[in-house]
Amino acid sequence: MIDFVHPALLFILGAVPIPFLKETIRKAYLVLIPLLAFLAVLAMEPGSYGAASFIGQEILIAKVDRLSIVFATVFTIMALIGMIYALHLTRPGQHVAAFVYVGSALGVVFAGDYLTLYLFWEGMAFASAYLVFAQGGEKAVRAAFRYLMVHVTGGVALLGGILVHSAATGSLLFGPIESDMGPGAYVILAGFLLNAAVPPLNAWLTDAYPEATVTGAVFMSAFTTKTAVYVLARAFPGTELLVWLGTVMALYGVVYAVLENDCRRLLAYHIVSQVGYMVAGVGIGTEMAVNGATSHAFAHILYKGLLFMGAGAVIHVTGRRKLTELGGLYKTMPLTVALYMVGAFAISAFPFFSGFVTKSMVVAAAGQDHRALVMLALTMASSGTFLHTGLKLPYYMFFGTDRKLEAQEPPRNMLVAMGMAAALCIAIGVYPGPLYALLPYPVDFDAYTGAHVTESLGILMFTALGFVIFLKALDPENTISLDTDWFYRKGARGFMWLAEKPLARYEKAVSDVSETAVLPFLHGSARAGLQLDLNGVDGVVNGVARSILNGGGALRRLQTGVVTHYALAMIAGVIATIVVFAVVWR
Amino acid sequence: MIERIVDFFGDETYAIRRRRLFYLVLALIVVADFLVSREHAEYLWERLPGWSAVYGFGSCVILIFVSKFLGHQGGLMRREDYYD
């Protein structure tokens, strides 16, 4: 009996045959694998699997506990819904990428050591980037490259942190970093925060998600940030910094959502906002707060998937994504409107929808932990959430000015996927018991108290009153908003300017000088050297050689071999000697 | 059924009925807020009936105007070809 089948393997190995399957078989296969993975997660027993040793380090391919099972459960459910939503695609590329992406996310969730975690982490980055590349067009390709660059940078930071941390602690095993928050741990934290889209490391998300394919964005909205929440909950529960980062995030996303005109970019900013609740929950770190963060991640994956599916359906049908160009679709797409609104009520935490039983747990945990300011800020962010995803977006997309767009309901597989997500959003809200039973700690929390229901309704419906009164102020405008991607987009441009203008000019000046002055000088001196060599050095050498040759010849002529010549020479020598002596010693 | 509900929220002919229903809901929520028990309330504001209505409305107004101020005066909103 096999008691553990790694669901990551099902997806990653399962991706291989996709391109070779015929269309109808492929459709069945795309649904079958997530179902099998879901069953594999259900059948899992907590424990450690795949322990090994690699380069002298302990490796643990899969560590199963309550926290990893919750995330794996919702990941496999979302994979199933996302695959159904994408069934109408005829080309297999995106399916393969989505499978590898989901598989990598599951690999991270079960990773028992940092090395395994890191490998799957990078797998997620590359597979998800493909979902943006697949959209095609210059804008998408540029956004995809930026997305990839940011994630590779984050991955390198993570790897560096892992090496420093494991060198300090002597172990690669992935678990809570409590006492020893050394420099390595902080760099690991930074890598995690980047994937969680915590400002100022958030802009990759709102830059890339709106450019992804309609079906790709559904997967992206579910996996990357939530995997980051999972690793934060695993390694950094109770880190004070996270409370404040999360609270700021919750409001940051809401503020930007007011300014947004692109429907999926608005939803992407609400991911930032909602993940803020989870990051804050992990930071508070009490049992209730971690339960809240985990359950909110669970609910978030489903309702955010639903919202992206709704917006995606509109883009699929109309080809438009700007709120200033949309409106009046409610007559032709009533089912999409209704299903989208279920997601909107869920994210806004209306009673009987999933957000109500999960988000409120984080807020209540902040209250129990005596953090009044955090509690108030998070409550304010809930108001903003309903304002944008529940009122502004549907109003300008489906109601408002009728732009007379030709539209109809999206393909049936899209509606079925949205229906499944909507059903789960309502089921969790009405009957939270099964979700609560999955959470890492025992739950002692009841969202449905009279005071809590009226309080939530008061916040939300009076937000609606503000919306009705100040509707004109919320009219979308044909603009884009600057976020922290400004620094690397403009920074890259500044770098290119530096390379193209001053550096290129300097390089040209240097080559000019070398061409006009240095090279002729070198040529001239080489030529002069050659002349010197030929005429001077060679002349001297030749001259000496020649004179030795001549001298030799002369000497040879002197040796005549005739005795009278030698006698005559000796007599001349004696006379010369006498003359010298006569002159010197006179 | 779904079409009729969606139509109710979209069609101009129901505008007055829609508005009346909306105000009725608002009034009911405030009234209900006075009736519910608050024995578990931990913070001062949680004990004030109607606080959530005020805070919800205030949050909404603050978020709209602070964001738009940052967008227009703070220079966050730019023309669409800004990066081109």
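Which residue of chain B forms a salt bridge with A:Glu477? In this predicted model, the partner is B:Lys68, and the closest N and O atoms of the pair are 2.8 Å apart. This pair belongs to the interface of chain B and chain A, across which the rule finds two salt bridges.

To see the setting of that pair, consider the interface as a whole, where 49 residues of chain B are in contact with 60 residues of chain A. The size of an interface is often given as the accessible area lost when the parts come together. For chain B and chain A this buried area is about 4700 Å², and carbon and sulfur atoms give 73% of it. Of the area that chain B buries against chain A, 16% is supplied by B:Leu63, B:Glu80 and B:Tyr83, which is more than any other three residues supply.

On the side of chain B that touches chain A, at least two residues each come from helix H1 (2-10), helix H2 (15-35), helix H3 (51-72) and strand E1 (77-79). Helix H3 of chain B gives the most to this side, with 18 residues. Sorted by type, the residues of this side divide into 28 nonpolar, nine polar and twelve charged.

Finally, strand E1 of chain B can be followed across to chain A, where three bridges join it to strand E3 (residues 479-481), the two strands running antiparallel. Within this pairing, A:Ile480 has B:Arg78 as its bridge partner.

Technical notes:
Residues numbered from 1 in each chain as written. Chains lettered and ligands numbered in written order. Predicted model: local features only at pLDDT ≥ 70, side-chain atom pairs only at ≥ 80, totals over all residues. Heavy atoms only, no water. Contact = heavy atoms within 4.5 Å. Buried area = accessible area lost by both parts, 1.4 Å probe. Salt bridge = Lys/Arg side-chain N within 4 Å of Asp/Glu carboxyl O. Helix = DSSP H or I, 4+ residues; strand = E, 2+ residues; numbered from the N terminus. Nonpolar A, V, L, I, M, F, W, Y, C, P; charged D, E, K, R; others polar. Pairing = 2+ DSSP bridges.
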